[in-house]
Amino acid sequence: MNRIWFAIFVLLALGIVAGFFSQTSPTTAFAVNLPPVWDYATDDFVVNDVLVLNLDNAFFDPDKDLIAYSIVASENIVAGISENELVAKLNTDSGNILISASDGISTTVHRIILT
C-alpha cells in the first residue's frame, strides 16, 4: 500500500513540476508590433533627371515584417513605385513626397524633399 501512495506522490510531483516548466512567459503573452522605421542617411535628394530610391534600403521593420509602400507626391512631381523602388521625376525646382510604409499592422509616414 505504501508503494502505491509513493508512486501517486511521485507522479503528482512530476506533474506539478512539468506544469511550471510549460507555463507561457508573461513577456511573450502580449507581443508588441513595432512600426517600420526610416533608416536612410538623408531626407533631401538632389534630382538631376530621375530619382530611383530602393525603399527596402530606406526603411526597415524591427519585427522583420514585410513592408508595403505607397506614396503621395506634390503636384510638381511625377512619381510611382515599381518593385519597392520609388521612381520620381521633378518638374520644377523642388517638391516633396510622403512615403507610407506599412507592415500590415502599423504604418509610418515619412516626408522626403526633392530639389
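Let me start with a term: a residue is buried when its relative accessible area is under 20%. Keep that cut-off in mind. What we have here is a predicted model. By that cut-off, buried residues make up 24% of the 115 residues in the protein chain. The chain exposes about 8,200 Å². Carbon and sulfur atoms supply 60% of that area.

Now the layout. The chain has three helices and nine strands. Along the sequence, the order reads α-α-β-β-β-α-β-β-β-β-β-β. As for contacts with a separation of 6 or more, 53% come from residues 24 or more positions apart.

On to the strands. Start with β8, residues 95-102. What does β8 pair with? One partner is β5, residues 68-73, joined to β8 by six bridges. Those two strands run antiparallel. Within that pairing, Ala73 stands opposite Ile97 in β8. Another partner is β9, residues 107-114. Here there are eight bridges, again in the antiparallel sense. Ser100 has Val109 in β9 as its bridge partner. β8 and β9 also form a hairpin, with four residues between them. Look at Gly104 in that turn: its phi is positive, about 95°.

Next, the core. The largest nonpolar core has 19 residues. Ile112 and Leu114 have the most contacts inside it. Which elements build it? β3, α3, β7, β8 and β9 each supply at least two residues. In general, nonpolar side chains in soluble globular proteins tend to be buried together. Take Leu114 as the example. Leaving out residues up to four places away in sequence, Leu114 touches Phe45, Val47, Leu51, Ile77, Ala88, Leu90, Asp93, Ser94, Gly95 and Ile97.

Now to the surface. Val50, Val52 and Val87 form a nonpolar patch there. Together they have about 210 Å² of accessible area. Val87 sits in strand β7, residues 85-90. Is Val87 buried, exposed or in between? Its relative accessible area is 33%, so Val87 counts as partly exposed.

How many salt bridges does a search of the whole structure find? One. Lys89 forms it with Asp49, and the closest N and O atoms are 3.5 Å apart. This pair links distant parts of the chain. Lys89 is in β7, while Asp49 is in the loop between β2 and β3. They are 40 residues apart. Lys89 has 36% relative accessibility, so Lys89 is partly exposed as well.

Last, the backbone. Two residues deserve a look here. Lys64 has a positive phi of about 65°, although Lys64 is not a glycine. Where is Lys64? In the loop between β4 and β5. With a relative accessible area of 74%, Lys64 is exposed. Then Asn84. It is not a glycine either, and its phi is positive at about 65°. Asn84 lies in the loop between β6 and β7. Its relative accessible area is 27%, so Asn84 is partly exposed.

To recap. β8 pairs with β5 and with β9. Ile112 and Leu114 have the most contacts inside the largest nonpolar core.

Note on methods:
Residues numbered from 1 in each chain as written. Predicted model: local features only at pLDDT ≥ 70, side-chain atom pairs only at ≥ 80, totals over all residues. Heavy atoms only, no water. Pairing = 2+ DSSP bridges. Patch = residues over 30% accessible without salt bridge, like charges linked within 9 Å, V, L, I, M, F, W, Y side chains within 5 Å. Areas by Shrake-Rupley, 256 points an atom, 1.4 Å probe, with all protein chains shown as cover. Salt bridge = Lys/Arg side-chain N within 4 Å of Asp/Glu carboxyl O. Buried < 20%, exposed > 50% of the residue type's maximum accessible area, 1.4 Å probe, protein only. Core = buried A, V, L, I, M, F, W, Y, C linked by side-chain atoms within 4.5 Å. Contact = heavy atoms within 4.5 Å.
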